[in-house]
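Student: Can we go through this model together? I'd like to start with the aromatic rings and then move to the pockets.

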Amino acid sequence: MSILVNKIEIRDSEIREEMQFHPAPAQEQAWHMAAQSLVIRQLLLQQAASNGLCADAGSVAPGEDEQLIDQLLEQNVIVPEADEATCQRFYENHPNSFIDEKTGERAGFEHVQTNIREYLHTKAMRIAVAEYIKALSYNANIKGFELDNL
């Protein structure tokens, strides 16, 4: 059974090929994760084409898709950096997260602030990208598959 994303077909053979990158306890789960990955990829590539980043989603050469998707997300997903007060609140609210394994003592804020800022940025970016993909999926015509757990 093939999947259509805005009239672009994702064939079973493509899903089977993608399954190698999605290990799961059951083949059905691997198929589902592979199909979801390909649907998301297609949504992002179609949006990249719509934004003028490439001629069309089908013309993207193998290996260029990740760079194109990164460019699309960089242009469309904005995540503010956490300021010092936000990092300090996180530090205070998660005291057990900063225990030095060797000494058993809590690391000082000045030693972990950069890590906290990076962690918060990564977490916010994941949420923002998931919301962006949801918005793309709401405006898309997807047949044969339903996106979930974004």
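What follows is a short chat about ring pairs and pockets.

Tutor: Before we start, this is a predicted model, where local features need pLDDT of at least 70, side-chain atom pairs count only at pLDDT 80 or more, and totals for chains, interfaces and linings use all residues. Residues are numbered from 1 along each chain as its sequence is written, and side-chain values use heavy atoms, with hydrogens and water left out.

Student: How many aromatic pairs does the structure hold?

Tutor: There are five. Rings of Phe, Tyr and Trp (its six-membered ring) pair if their centres lie within 6.5 Å; planes under 30 degrees apart count as stacked, over 60 as edge-to-face and the rest as tilted.

Student: Where do Trp31 and Phe145 lie?

Tutor: Trp31 is in helix α2 (residues 27-50) and Phe145 is in the segment after β3 (142-143), so the pair ties together parts 114 residues apart in sequence. Helices (H or I, at least four residues) and strands (E, at least two) are DSSP runs, numbered from the N terminus.

Student: Is Phe145 buried or exposed?

Tutor: Phe145 is buried, at 11% relative accessibility, while Trp31 is partly exposed at 24%. Buried means under 20% relative accessible area, exposed over 50%, partly exposed in between (1.4 Å probe, protein chains only).

Student: What about Tyr91, which residue lies over its face?

Tutor: Arg106 does, at 3.8 Å from the ring centre. The rule is NZ of Lys or CZ of Arg within 6 Å of the ring centre and within 35 degrees of the ring normal. Tyr91 also belongs to one aromatic cluster with Phe90, Phe98, Phe109 and Tyr119. Tyr91 and Phe109 are both buried.

Student: Switching to pockets. Which residues line the second largest pocket?

Tutor: Ser37, Ile40, Arg41, Leu44, Asp65, Glu66, Ile69 and Asp70. A pocket, on a 1 Å grid over the protein atoms alone, is an open set of points where a 1.4 Å probe fits, with protein on both sides within 12 Å along at least five of seven lines; lining residues have an atom within 4 Å of a point. The elements giving two or more residues to this lining are α2 and α3 (65-76).

Student: And which element gives the most to the lining of the largest pocket?

Tutor: That is α2, with five residues.
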